[in-house]
Amino acid sequence: MGPITITIQKEVPYIIGIVTLLCIACVIIGNKIKKTDPLEKPKGLVMMACWLVELIDNTVTNTVDKKHAKRLAPYIGTIAIYIFVSNISGLFGLFSPTQNYSVTLSLALITWIMIQYTSIKENGLKAYLHGYIEPFAFLIIPNFFGRIAPLISMSLRLFGNILSGAIIMSLVYSFTGFISSSIVGLFASGAGVLNFIGPFVAPVLHAYFDVFSGFIQMFIFITLTMVFIGNELPQE
């Protein structure tokens, strides 16, 4: 029997690093909030934290009722911050964890479990199981795949968009590097190649594929999370 080899995916160190940085940021901001006088107007990081919490609370409250929004908002805020930071990590020379399907699948799985849990808790196990054979028993297979569909669609949407942006940016750098080397080769044979065209083209594309697209994909993910969970809640 040969030795057992353990392969660690290259995204793991970046995942650990991003989580560590977010935890440190939460501790620092939490300590600042504890030391802040509640009667004074917040400033700096405290003001930004208060604004972010209020924004998330209002967003969740507009989708589900206040009772469930109070319990759902911390989760929505957590995945929103993590996904957005992961999406834009490429700007800092890091490998985005959301380029790995196992990461996006794990995030979608957590949401999917919450959807099923909410459905069972609010409607009961009997009504939940009966939903698989509504309106007719022979529709059990389509209903089953209908239950699984959010897990697949949410994970693939986030993974596909982030990965496609990274691939496009790598192609852009390869192309600008080729053009730069061709221009340099015309004037100085054997000279070192410097991609001097890339810095003029890449910033605009990074702004779209990393910042704008990263924010949009994060917003779509949390919106679908709130909508799917809200659909399982009893309507007022």
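1. Start with helix α7 (residues 198-231): Phe 215 and Phe 219 both sit in it, 4 residues apart, about one turn of the helix. Helices here are DSSP runs of H or I with at least four residues, strands are E runs of at least two, and both are numbered from the N terminus. A word on the basis: this is a predicted model, where local features need pLDDT of at least 70 and side-chain atom pairs count only at pLDDT 80 or more, while totals for chains, interfaces and linings use all residues. Residues are numbered from 1 along each chain as its sequence is written, and side-chain values use heavy atoms, with hydrogens and water left out.

2. Now the rings. Rings of Phe, Tyr and Trp (its six-membered ring) pair if their centres lie within 6.5 Å; planes under 30 degrees apart are stacked, over 60 edge-to-face, and the rest tilted. The count by this rule is 8 aromatic pairs. One of them is Tyr 208 with Phe 209, edge-to-face at 5.0 Å centre to centre and 85° between the planes. Phe 215 and Phe 219 are a stacked pair, because their centres are 6.3 Å apart and their planes are at 15°.

3. Asn 100 deserves a look. Asn 100 lies in the loop between α3 (66-88) and α4 (101-123), and counts as buried because its relative accessibility is 9%. Its side chain makes a polar contact with the side chain of Glu 11, at 2.8 Å. (A polar contact is a pair of N or O atoms within 3.5 Å; within protein, one must be able to donate a hydrogen and the other to accept it, and residues adjacent in sequence count only if both atoms are side-chain atoms.) Leaving aside residues up to four places away in sequence, Asn 100 touches Gln 9, Glu 11 and Phe 159, contact being heavy atoms within 4.5 Å.

4. Arg 147 lies over the face of Tyr 132, 5.6 Å from the ring centre. The rule asks for NZ of Lys or CZ of Arg within 6 Å of the ring centre and within 35 degrees of the ring normal.

5. Last, Asn 31 is in helix α1 (residues 11-35) and is partly exposed at 38% relative accessibility.

Notes. Buried means under 20% relative accessible area, exposed over 50%, partly exposed in between (1.4 Å probe, protein chains only).
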